[in-house]
Number of protein chains: 4
Amino acid sequence: MNDCFPTDTHASIAGDTIARAAIYPRNHLAKLSQSEVNTLIDQTDQGLYPLIRKCVLAVLNSGVNSDDGAAMFARFAQFSIEFERDPRGLKLILNHAPAHAFVDGTLIETIHDHVFAVLRDLVYVRRLQSPQAPNADSPTDLIFQILRHAQVFDRSNELSCVVCWGGHAVPKEEYDYSQAVGRELGLRRFDICTGCGPGAMKGPMRGALLAHRRQHHNHGRFLGITEPGIIAAEPPNGVVNDIVIMPDIEKRLEAFVRVAHAIVIFPGGAGTFEELLYLLSIRLHPKNATSALPVILTGPTSAAPVIEAYLQFIEQTLGPEACDMLSVIVDAPSDVASAVQAGQGRVRAQRIEQHDAYDFNWTLHIPAELQTPFDPTHANMAGLNLSKDQPIGALAIQLRCLFSGIVAGNVKPAIQAAIHAEGPFSITGDPTIISALDRLLNQLVAEQRMKIQGDYEPCYRLTLAS
Amino acid sequence: MNDCFPTDTHASIAGDTIARAAIYPRNHLAKLSQSEVNTLIDQTDQGLYPLIRKCVLAVLNSGVNSDDGAAMFARFAQFSIEFERDPRGLKLILNHAPAHAFVDGTLIETIHDHVFAVLRDLVYVRRLQSPQAPNADSPTDLIFQILRHAQVFDRSNELSCVVCWGGHAVPKEEYDYSQAVGRELGLRRFDICTGCGPGAMKGPMRGALLAHRRQHHNHGRFLGITEPGIIAAEPPNGVVNDIVIMPDIEKRLEAFVRVAHAIVIFPGGAGTFEELLYLLSIRLHPKNATSALPVILTGPTSAAPVIEAYLQFIEQTLGPEACDMLSVIVDAPSDVASAVQAGQGRVRAQRIEQHDAYDFNWTLHIPAELQTPFDPTHANMAGLNLSKDQPIGALAIQLRCLFSGIVAGNVKPAIQAAIHAEGPFSITGDPTIISALDRLLNQLVAEQRMKIQGDYEPCYRLTLAS
Amino acid sequence: MNDCFPTDTHASIAGDTIARAAIYPRNHLAKLSQSEVNTLIDQTDQGLYPLIRKCVLAVLNSGVNSDDGAAMFARFAQFSIEFERDPRGLKLILNHAPAHAFVDGTLIETIHDHVFAVLRDLVYVRRLQSPQAPNADSPTDLIFQILRHAQVFDRSNELSCVVCWGGHAVPKEEYDYSQAVGRELGLRRFDICTGCGPGAMKGPMRGALLAHRRQHHNHGRFLGITEPGIIAAEPPNGVVNDIVIMPDIEKRLEAFVRVAHAIVIFPGGAGTFEELLYLLSIRLHPKNATSALPVILTGPTSAAPVIEAYLQFIEQTLGPEACDMLSVIVDAPSDVASAVQAGQGRVRAQRIEQHDAYDFNWTLHIPAELQTPFDPTHANMAGLNLSKDQPIGALAIQLRCLFSGIVAGNVKPAIQAAIHAEGPFSITGDPTIISALDRLLNQLVAEQRMKIQGDYEPCYRLTLAS
Amino acid sequence: MNDCFPTDTHASIAGDTIARAAIYPRNHLAKLSQSEVNTLIDQTDQGLYPLIRKCVLAVLNSGVNSDDGAAMFARFAQFSIEFERDPRGLKLILNHAPAHAFVDGTLIETIHDHVFAVLRDLVYVRRLQSPQAPNADSPTDLIFQILRHAQVFDRSNELSCVVCWGGHAVPKEEYDYSQAVGRELGLRRFDICTGCGPGAMKGPMRGALLAHRRQHHNHGRFLGITEPGIIAAEPPNGVVNDIVIMPDIEKRLEAFVRVAHAIVIFPGGAGTFEELLYLLSIRLHPKNATSALPVILTGPTSAAPVIEAYLQFIEQTLGPEACDMLSVIVDAPSDVASAVQAGQGRVRAQRIEQHDAYDFNWTLHIPAELQTPFDPTHANMAGLNLSKDQPIGALAIQLRCLFSGIVAGNVKPAIQAAIHAEGPFSITGDPTIISALDRLLNQLVAEQRMKIQGDYEPCYRLTLAS
């Protein structure tokens with residue numbers, strides 16, 4: 001027997017929590033006046049607390065790979081937050097917080113930031129939307145104010161923001177490819193903005209971070225824009241260094257488009273396709289005819305079939321001019337980065353010409369229909385106008401609503417219940433549109449992009465208009 | 001004849017102006033939303049413009065030695081400002097601005113900052129005091145919010161703020177002495193906060209700046225706190241790098257006391273003595289019995305007589321315990337700095353013990369009478385309670401009002417007119433108080449501290465209470 | 001047919017080169033005097049060129065995973081460097097350099113640094129070792145001067161240097177484990193120093209880099225110390241941001257030990273075990289009895305058997321006190337980091353007590369035998385004194401020579417030829433030592449740690465001393 | 001009697017010393033190897049110590065206004081330095097150092113820097129000039145190496161170095177004017193390089209420092225270049241933040257010219273006129289015909305007569321083309337700065353065209369006669385060739401030697417003794433030259449620029465060549 005041999009074992013901290021931890025803000029919340037602290041504590045008493053708790057718990061799970069928000073909440077059911085006033089300002093007590101957010105008893109710095117970012121955004125939005133707020137600003141103005149308040153503009157590098165969209169659960173080839181694209185973007189010193197979570201939201205950030213380092217670029221930004229409805233299911237990945245919580249999904253989408261200097265779309269399921277249609281709805285609007293924003297659809301060779309399916313659908317419904325709005329690049333990460341780089345010059349020229357801000361694209365016109373939520377009732381779904389007898393842009397908006405409804409029918413409990421009761425949505429339209437739709441949806445089902453595991457039961461029924 | 005000899009002459013730019021200059025904000029005003037720019041332009045249309053113009057013109061004269069505000073305004077009568085909206089935010093057009101604010105057509109950086117500081121503070125105060133403002137905060141809360149909004153706290157060094165008070169027109173020995181004190185404070189890396197202008201407001205800053213440099217201290221702060229009523233007569237000296245415009249003189253005085261980690265008072269006239277009484281009124285309040293704030297009264301040997309006169313008056317009216325609240329140091333700049341240094345430790349200990357902020361002294365109690373203006377009518381002056389039959393602190397407040405009235409009678413046109421019509425203020429009080437007052441005022445008159453040039457005609461008449 | 005569909009393909013740049021690229025130094029070589037440039041160009045003419053070319057080509061392959069140096073050299077056989085003088089200083093022309101070192105025609109920043117680091121170190125060492133050099137300094141002094149000249153000390157963080165040793169080709173579990181250890185070290189803001197290459201030299205760096213970012217630690221250091229004999233086979237991994245080229249393997253090992261504030265050893269083959277014996281030879285020297293340097297042997301559960309084999313051998317030959325010098329931790333990355341953290345305090349205390357530098361451990365005694373190369377001839381190997389009848393430290397040095405010889409017999413062509421001619425090395429020693437050796441070597445062979453692919457033919461024959 | 005009144009008095013520290021203070025280097029001397037520390041201590045034992053002591057004592061008097069080096073040395077006669085080795089490197093013990101260099105027992109930071117700058121330069125020059133030094137470099141190469149070693153190039157701003165020459169004892173108008181010129185240069189972000197001391201060496205620095213601050217320019221440089229012979233008489237003024245000690249006066253002058261991007265000359269006595277002739281000797285050399293370096297001669301109105309006298313002399317001896325090489329500006333500080341600014345563009349263009357370094361003007365040709373000292377014996381003075389029958393540049397060199405001799409005759413004890421013994425220098429030359437000389441010297445005498453106090457006894461006698 002060898003008494004030199006170690007008996008140390010790896011103490012699993014799975015499920016472990018830190019009983020009690022006091023933290024102090026370091027952002028502007030560190031400098032609240034005494035009356036402001038009172039107001040904040042009052043607000044958390046008046047209904048804001050559950051939302052704050054949910055979002056704080058999500059960010060305490062930053063860097064943990066999990067898309068099962070429900071499980072996470074169950075695991076840390078005892079977690080709670082207390083707010084204390086202090087002549088120095090605000091103090092938070094975290095009770096039973098996840099141990100993996102701490103190192104030797106101290107919160108990891110970026111998680112500390114995220115916790116106070118949650119508080120910052122939720123309280124600020126509450127204030128902006130209060131009845132006493134000075135004026136009813138436009139949604140765009142509101143988005144601008146939230147981003148500014150989050151100091152997004154203070155820390156941005158010039159014309160460097162590449163927004164990346166794609167699924168949070170993707171095959172390994174596609175994850176690796178998104179990381180390779182991030183690497184090429186990072187070598188060219190671009191920053192990455194995504195929806196905060198794992199998968200194609202993490203790959204580009206991780207690739208870019210390592211590449212920034214190789215280029216001595218120490219102030220790269222990894223901006224995650226999320227909203228309360230999805231943050232629990234998609235906690236920030238470990239690379240995100242700035243997080244903003246928008247009040248709803250429409251403002252989140254608009255925020256992406258306003259801050260982007262280029263948009264890269266990796267393939268995904270119905271949700272990603274909805275985002276692609278959102279973007280086409282904007283680009284097809286006549287006021288945006290000359291927009292310089294580069295939009296690139298890309299993936300590895302293994303994703304070529306689904307990319308081709310996307311394009312066929314777009315061509316058959318919205319026509320070749322809609323296809324022409326997308327740069328399609330297969331299996332060429334450095335070409336993606338070169339296309340973004342080439343586009344940067346055009347974006348700069350256009351911002352200067354239009355006296356528009358570098359940090360926020362005020363000039364882009366976003367139709368009001370895209371700024372208000374679509375409610376996927378059976379009636380609304382049946383009432384969608386899927387005919388070619390309308391401007392292409394209007395059809396694109398209808399199609400975006402259609403995919404929004406399908407996503408809801410696939411994942412949102414309330415809508416699933418309605419479908420259980422009333423049967424699948426009835427979708428009616430022109431024959432060419434319906435047949436293109438049939439082909440695309442079948443392919444998404446076949447590639448398991450509608451549902452990751454198990455058989456997929458469609459939530460829709462397609463019918464030709466008479 | 002020598003044709004090598006130069007014909008170049010020094011083109012005087014006295015009276016010169018720059019016809020038109022466009023400037024863009026670099027502080028947070030650089031990032032206004034479109035609706036905010038609209039609001040700002042509306043506000044300047046609604047009565048705020050004259051105040052903005054006056055303050056901007058004052059800061060465009062930064063570094064120019066002049067205490068004749070009226071002459072300055074006359075000289076640049078054509079000066080005007082236009083506000084323009086721009087997708088990028090806000091743009092200002094300065095018409096007929098003083099040429100000495102520019103170098104080769106570009107505004108000097110700190111003057112550029114000051115211009116937008118004016119806008120920042122005037123607009124923000126307007127917003128805070130608007131009827132729609134969320135809640136009626138205390139004056140202290142308001143002061144805190146203005147300072148925070150001006151990012152005073154973001155840029156402060158730890159426990160380093162030495163507030164210096166004294167006259168804006170002082171003899172050369174006293175100016176040089178204030179510079180020597182600044183030098184010793186600067187060698188110890190203290191920052192200086194004053195009322196912005198020349199004289200004893202400039203000397204300590206200049207001394208400290210040069211000393212900071214010798215200590216490799218590159219982020220020293222030279223904070224000027226002013227208010228619209230005096231900024232024209234006391235434009236920022238050339239060392240001030242941060243300027244804050246408080247809405248009125250009481251908030252300005254309170255701001256000094258809340259941000260100070262030590263206060264150094266150089267001798268002056270009735271105004272400086274009013275400030276000294278303001279401070280004693282606070283220190284003598286029982287709630288402030290344990291305050292750790294060091295207060296130092298100092299000057300060169302040539303100023304020893306007036307310092308002695310101050311102290312005699314204080315001893316005879318408020319008693320030796322009031323004198324004990326002042327550290328008196330004559331002709332020893334490094335002793336002043338050592339006393340400030342020694343006090344820093346006590347201030348730190350007290351802030352920690354009281355959980356008070358390092359940047360803002362929330363704990364100090366300021367009596368409500370000191371937060372509201374005293375109106376020096378003949379009736380109010382006659383009604384001052386100058387008897388010893390009251391708490392010392394209460395008497396100190398009455399005396400502070402008395403000197404406030406004398407200052408007004410000396411310099412404010414409206415009050416001077418009232419005295420012209422009704423005769424001097426009648427001041428009645430206990431014999432010991434009146435005789436002490438008589439002695440002090442005579443000395444101030446004799447030393448030409450009541451009026452710099454010409455004979456002084458008293459605005460008061462002292463009477464013993466029957 | 002769908003004419004929207006992309007025809008872009010991923011242009012492989014494998015084998016591609018950049019025909020000609022001019023680069024200018026940015027380190028101190030940017031500021032050579034005219035006579036120094038002449039000297040440098042003369043030196044490269046006088047025999048230094050092949051060494052420079054080899055090392056520059058290696059660093060141009062930074063981040064490329066390859067341990068086949070010969071293949072790399074064959075692939076870029078046309079690569080050459082020209083030196084040009086210029087009034088501004090020095091200019092390099094790279095001909096036929098690997099395209100993967102460039103982004104859009106510009107060298108990746110860290111590779112640019114590495115190129116000039118090569119030049120810096122090779123030229124400086126030549127100068128230090130020239131006959132005109134002022135004095136014959138000790139090897140330790142020479143190592144110090146090379147590190148200082150490379151500005152290693154200027155950029156170091158306090159007491160943060162964790163040296164990690166281990167194989168460059170390791171199983172995936174061991175690579176992932178080394179990355180997890182790096183992550184835990186990085187979360188505690190430690191820096192990593194390794195031998196520059198892939199495998200267990202890369203894993204800890206990559207883990208730490210991502211973790212530093214999470215802690216807002218933007219100036220982490222990833223120091224690679226290499227030498228001309230191995231740089232081609234182990235080009236710097238993509239995380240290394242500082243590289244130093246020591247003149248030979250003994251100075252490289254000593255450099256590691258002098259700059260380390262802790263040493264973490266991951267399992268490997270005969271080479272790693274040689275390094276472990278090198279360290280024990282030092283630690284067992286009486287002059288180092290109180291050394292505070294933490295040494296941790298660690299690996300994942302899958303590596304527990306080989307760790308146990310190491311320890312058994314050490315116990316049976318050098319005794320339990322040698323084992324006690326190692327902290328052994330299995331499958332517990334955060335425990336490794338905690339042990340390093342705990343050791344940091346002792347290291348600090350000892351440096352202060354001994355008036356030793358934080359950056360360079362002058363006090364540690366390294367026996368002269370470890371500073372001079374061991375030449376593994378058959379005679380030297382046969383002459384090793386493997387008896388217990390000597391101080392433990394002396395035996396450790398003999399054992400280190402033994403493993404050094406085995407490594408050479410396994411991989412160095414000249415030694416392999418000698419073995420082919422004369423048969424395996426004959427190793428003779430005390431029975432307990434020989435049997436311990438037999439057991440350990442058999443396990444290394446069985447785990448394929450002596451040779452990655454194919455059957456291993458031993459280069460040694462063990463014999464009991466009569 | 002008033003017992004509140006202070007008894008504190010200003011404890012004069014005049015003559016006070018600090019008994020013993022230990023200081024550690026923070027520059028590269030902080031990182032000496034053990035053998036290097038031994039060498040350094042050996043060197044100080046071998047004759048370098050008196051020079052080091054003298055220069056260190058001078059910099060300990062930084063910021064003290066005194067041009068009486070002898071008095072300073074007498075006052076601190078007990079001052080001594082000890083060197084100690086330490087595993088951490090080098091330690092200095094200062095015994096009986098001037099108290100005014102310390103604040104609360106700690107050396108003022110810039111003085112600390114200066115102390116180790118002295119050591120850095122004196123030891124480095126000793127090494128460069130040792131017999132074992134690798135090669136006999138040109139004086140220019142040596143100057144470059146000394147400046148580089150002092151990190152002058154590392155900290156320089158682009159093309160910003162304005163060298164200012166002028167007397168160390170000047171009338172108040174001229175001092176104020178030099179400060180006003182510095183202010184205008186500083187507002188344009190130029191840096192100042194002078195000879196380190198008071199007067200016209202301090203004014204421009206002080207003006208620029210305050211102006212830099214107004215432009216948020218926090219990394220301005222105030223470089224003083226001195227040499228052991230004058231540092232005691234001209235200790236660094238309090239604004240100098242970088243000091244370099246050249247081995248002799250010729251290398252100091254060459255260093256000024258090589259680092260300058262513009263040269264501003266304020267009026268002075270024979271010494272300043274010698275510098276002006278040095279510069280003209282260079283500019284008149286045919287190889288420098290196209291030099292872009294701006295040279296500006298300037299002063300206030302009160303200095304117009306002496307400027308005119310300079311120009312007349314130059315015109316009458318060297319001709320109008322020599323005058324044309326000077327821009328003459330009277331009483332117009334902002335015109336001086338504008339001229340420097342305008343010249344910056346030409347300097348940049350020329351450096352680029354000639355592939356010359358921005359930081360060091362390698363291309364300028366300096367005749368060998370200017371690189372070697374002139375020894376002002378009676379024979380050499382009598383042998384000066386003051387005829388017009390030679391190239392203008394050659395005459396300029398002769399005239400420069402002449403004024404060098406006059407300066408020595410005025411102030412250097414050894415030369416004064418020779419004159420006492422042998423009578424005044426005999427100066428013979430062409431009638432026009434001699435008469436021009438007579439006129440200029442008379443004016444310098446009349447304006448008390450040859451001797452500050454008392455009557456001036458000429459050290460020369462002018463004779464017409466037969």
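## Strands around β10 of chain A

In this predicted model, strand β6 (residues 161–165) of chain A pairs with strand β10 (residues 262–265) of chain A in the parallel sense, over 4 bridges. Two strands pair if DSSP finds at least two bridges between them. Strands (E, at least two residues) and helices (H or I, at least four) are DSSP runs, numbered from the N terminus. A:Val163 has A:Ile263 as its bridge partner in β10(A). β10(A) is also joined by 3 bridges to strand β11 (residues 295–299) of chain A, and these two run parallel. There A:Ile263 stands opposite A:Val295.

In a regular strand the side chains alternate between the two faces of the sheet. Both faces of β10(A) are covered. A:Ala262 and A:Val264 are buried on one side, and A:Ile263 and A:Ile265 are buried on the other. A residue is buried if 20 or more other C-beta atoms lie within 10 Å of its own, exposed if 12 or fewer, and partly exposed in between, with C-beta atoms placed from the backbone.

## Basis of the model

The model is predicted: local features need pLDDT of at least 70 and side-chain atom pairs count only at pLDDT 80 or more, while totals for chains, interfaces and linings use all residues. Residues are numbered from 1 along each chain as its sequence is written, and chains are lettered from A and ligands numbered from 1 in the order in which they are written.

## Domains of chain A

Chain A is divided into domain 1 (17–136), domain 2 (145–365) and domain 3 (370–464); the bounds come from an automatic or database domain assignment. Between domain 1 and domain 2 of chain A, the C-alpha centres lie 28 Å apart. Their contact takes 24 residues from domain 1 of chain A and 21 residues from domain 2 of chain A. Two residues are in contact if their C-beta atoms, placed from the backbone, lie within 7 Å.

On the domain 1 side of this contact, the elements that give two or more residues are α1 (34–60), α2 (69–75) and α3 (109–128) of chain A. The largest share of that side, 10 residues, comes from α3(A). By class, the domain 1 side has 13 nonpolar, 7 polar and 4 charged residues. Ala, Val, Leu, Ile, Met, Phe, Trp, Tyr, Cys and Pro count as nonpolar, Asp, Glu, Lys and Arg as charged, and the others, Gly among them, as polar.

No contact joins chain B and chain C; their closest C-alpha atoms lie 19 Å apart. Chain A and chain D do not touch either, and their nearest C-alpha atoms are 19 Å apart.

## An open sheet in chain D

In chain D, 3 strands form an open sheet in the order β1-β3-β2, with antiparallel pairing. The edge strands, each pairing on one side only, are β1 (17–23) and β2 (80–86) of chain D. From one strand to the next, the twist averages 15°. β1(D) and strand β3 (residues 89–98) of chain D are joined by 6 bridges in the antiparallel sense, and D:Thr17 has D:Pro98 as its bridge partner in β3(D).

Helix α1 (residues 34–60) of chain D packs on this sheet and touches β2 and β3 of chain D. The direction of α1(D) makes about 140° with that of β2(D). Axes are lines fitted to C-alpha atoms, for helices over the stretch in contact, and angles run from 0 to 180 degrees between N-to-C directions.

## Two crossing helices in chain D

The axes of helix α3 (residues 109–128) and helix α4 (residues 139–149) of chain D come within 11 Å and cross at roughly 145°. From α3(D), the contact is made by D:Asp121, D:Tyr124, D:Val125 and D:Leu128; from α4(D), by D:Leu142, D:Gln145, D:Ile146 and D:His149. By class, this contact has 5 nonpolar, 2 polar and 1 charged residues.

D:His261 lies in the loop between α8 (249–259) and β10 (262–265) of chain D. D:His261 counts as buried because it has 26 C-beta neighbours inside 10 Å. Leaving aside neighbours within four places in sequence, its contacts include D:Leu159, D:Ser160 and D:Val347.

Most residues other than glycine have a negative phi. A:His355, in the loop between α12 (333–353) and α13 (368–371) of chain A, has a positive phi near 50°. A:His355 counts as partly exposed, with 13 C-beta neighbours inside 10 Å. B:Gln448 also has a positive phi, of about 60°, although it is not a glycine. B:Gln448 is found in the loop between α17 (431–446) and β14 (460–464) of chain B, and is partly exposed, with 14 other C-beta atoms within 10 Å.
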